[in-house]
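Take a walk through this protein model with me. Keep the sequence and the structure side by side as you read.

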Amino acid sequence: MNFFKQLVEHTEAKTVIWGKETTITMDETIILPEAIVNTKLAWIENNKENIIQFALEAEDFLYNFNNFISKEINKNGKFKLPDGTLLTETIEVEKLEKSIFIDSVSFYDEVYFNIDLGTIPDYFGGIYLVHKFQVMIMKWNLQE
């Protein structure tokens, strides 16, 4: 069964975004046109750096994370992440950015969708950073 047909029939399908398998869901009360789903997924694929930068800045994640773990590292010489990874020093932005992946994308209507970001190793502590996006897709974009 192709991706879009599965998404419409089961409200969930898998695809690869940023090199990793990602779950795509669609609210069961809507059926988005395939062109809109594909255009938004392409936008996500092509805007990795912007999405990551927006998410990390909105949460001030790196500063807060490093501040938190540095206290444990100073006290115990290490910090254990929820997935068992041991850190002996704070992390740099490049390392964090490389660890980020998209766990899922959820479509709610033609305008709004959520992107759930995770990390490997689990810097986010077993949760996902969820950000709601609004990407207007103009008709002329769909014809390209």
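Start at threonine 11, which counts as partly exposed at 28% relative accessibility. Threonine 11 sits in the loop between α1 (3-10) and β1 (12-17). Its phi is near 60 degrees, a positive value in a residue other than glycine.

A word on the source: this is a predicted model, in which local features need pLDDT of at least 70, side-chain atom pairs count only at pLDDT 80 or more, and totals for chains, interfaces and linings use all residues. Residues are numbered from 1 along each chain as its sequence is written, and side-chain values use heavy atoms, with hydrogens and water left out.

Move on to tryptophan 18. This residue lies in the loop between β1 and β2 (20-26). Is tryptophan 18 buried or exposed? Tryptophan 18 is buried, at a relative accessible area of 12%. Its phi is also positive, about 55 degrees, although tryptophan 18 is not a glycine. Most residues other than glycine have a negative phi, and most peptide bonds are trans.

Now look at a bond. The peptide bond from isoleucine 120 to proline 121 is cis, with omega near 0 degrees. Proline 121 is found in the loop between β6 (112-119) and β7 (129-134).

Next comes the surface. Which residues form a negative surface patch? They are Glu49, Glu89, Glu92, Glu94 and Glu97. Patches are made of residues with over 30% relative accessible area and no salt bridge; like charges are joined within 9 Å, and nonpolar side chains (Val, Leu, Ile, Met, Phe, Trp, Tyr) within 5 Å. A salt bridge is a side-chain nitrogen of Lys or Arg within 4 Å of a carboxyl oxygen of Asp or Glu. Pick out glutamate 94 in helix α5 (residues 93-99). Glutamate 94 is partly exposed, with a relative accessible area of 46%.

Finally, step back to the whole chain. The protein chain holds 6 helices and 7 strands. Helices (H or I, at least four residues) and strands (E, at least two) are DSSP runs, numbered from the N terminus. In order from the N terminus, the elements read α-β-β-α-α-α-β-β-α-β-β-β-α. Of the 144 residues in the protein chain, 38% are buried. Among contacts (heavy atoms within 4.5 Å) between residues at least 6 apart in sequence, 52% join residues at least 24 apart.

Conventions. Accessible areas come from the Shrake-Rupley method with a 1.4 Å probe; for residues, only the protein chains shown count as cover. Lys and Arg count as positive and Asp and Glu as negative; His and the chain ends are not counted. The place of a charge is taken as NZ of Lys, CZ of Arg, CG of Asp or CD of Glu. Buried means under 20% relative accessible area, exposed over 50%, partly exposed in between (1.4 Å probe, protein chains only).
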